[in-house]
Amino acid sequence: MDRIECLETFVHVYDSGSFSAAAKRQNTTQPTVSKRIAWLEELFSTTLFLRSTRRLAPTEEAGRIYEHARSILETYSLARASAFNALPEPTGTLVVAVPSSFGRHFLAPIAAEFLRLHPSITLDFRLSEGQVNLLKEGAELALRIGELKDSSLHVRSLGRISRLAVASPKYLQHRPAPSEPGELNEHLCIGYSRFGLTTNWIFESEFGRHAIDVECGFRVDDADMLQAAVLEGMGIAILPSWLVQTHLTSGAMEIILPDYIVPALPLNAIYPDSGLLSLRARSFLDYLVENWNLLVDAKNQHTQA
């Protein structure tokens with residue numbers, strides 16, 4: 001039996017979680033897929049998938065074999081392509097962990113154009129405000145906003161996320177806006193709980209850096225909910241610029257402390273090991289880097305229109 005074909009089948013089954021889906025991708029039959037997996041299980045002397053009437057689950061051994069199988073298949077594709085002086089076409093399912101609000105507001109046009117260029121790839125975005133475990137989530141890439149703590153991950157910078165301190169006129173009609181950061185303790189503030197229970201807001205000005213420990217009577221772990229709370233007049237919050245621009249134009253929000261700057265946060269793509277990064281993941285990452293500034297410019301023009 002052809003070993004490369006069997007490894008391709010194994011990867012398709014692992015990615016899709018289904019023998020029938022793998023058969024469809026390879027334009028073959030489900031019994032053929034079953035035979036190939038059975039042949040690999042005999043070759044490796046281990047069970048690769050646990051079958052039941054409801055689901056198909058990869059074993060721990062399958063997880064270890066998967067990365068090596070992908071690497072072998074991509075090396076094989078590169079070897080075949082080099083014979084014809086051509087570039088291989090990336091294929092398969094790419095799982096990307098994405099911050100929820102950022103994904104909703106930015107990544108649909110990126111995904112649409114990328115899939116138009118690479119129709120053999122399936123994109124699977126996993127939206128969450130939390131920092132997911134890549135291996136547990138089955139993600140090859142993750143986009144993260146903020147300073148990174150895990151030094152074991154490979155990092156590629158995409159840009160920086162600008163932020164603003166804002167409030168609504170509904171809130172400010174009851175209290176005068178603060179004139180300097182220290183006055184924030186006299187106001188209702190809304191905290192983003194993903195940054196921890198201690199809310200330390202940083203501002204910069206020509207006089208240096210100002211760090212203020214802010215008491216928050218309301219906290220949320222979702223950026224879009226944070227925006228909604230500001231619009232309801234619940235207090236002052238620091239929001240990413242994409243959740244602010246439209247409301248500044250309409251007058252539904254006002255910038256607080258306009259003479260002070262809230263430091264921008266880094267936006268990074270992270271991945272466990274560049275040596276095992278699939279061709280589809282490298283292609284998507286390169287596309288993000290090449291098109292990020294254009295996407296941000298288009299988003300800003302849209303929100304300011």
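Visitor: Which residue stands opposite Glu254 in E13?

Guide: Ala167 stands opposite Glu254. This is a predicted model, in which local features need pLDDT of at least 70, side-chain atom pairs count only at pLDDT 80 or more, and totals for chains, interfaces and linings use all residues. Residues are numbered from 1 along each chain as its sequence is written, and side-chain values use heavy atoms, with hydrogens and water left out.

Visitor: What makes E7 and E13 a pair of strands?

Guide: Strands (E, at least two residues) are DSSP runs, numbered from the N terminus. Two strands pair if DSSP finds at least two bridges between them; two bridges join strand E7 (residues 163-167) to E13, so they pair, and they run antiparallel.

Visitor: Why is the pair of Phe102 and Trp242 called edge-to-face?

Guide: Rings of Phe, Tyr and Trp (its six-membered ring) pair if their centres lie within 6.5 Å; planes under 30 degrees apart count as stacked, over 60 as edge-to-face and the rest as tilted. The ring centres of Phe102 and Trp242 are 5.7 Å apart and their planes stand at 70 degrees, so the pair is edge-to-face.

Visitor: How do you know that Phe102 is buried?

Guide: Buried means under 20% relative accessible area, exposed over 50%, and partly exposed in between (1.4 Å probe, protein chains only). Phe102 has 2% relative accessibility, so Phe102 counts as buried. Trp242, at 9%, also counts as buried.

Visitor: What makes the pair of Phe125 and Phe284 tilted?

Guide: Their centres are 6.0 Å apart, with 55 degrees between the planes, so this aromatic pair is tilted. Phe125 is partly exposed, at 24%, whereas Phe284, at 0%, counts as buried.

Conventions
Helix = DSSP H or I, 4+ residues; strand = E, 2+ residues; numbered from the N terminus.
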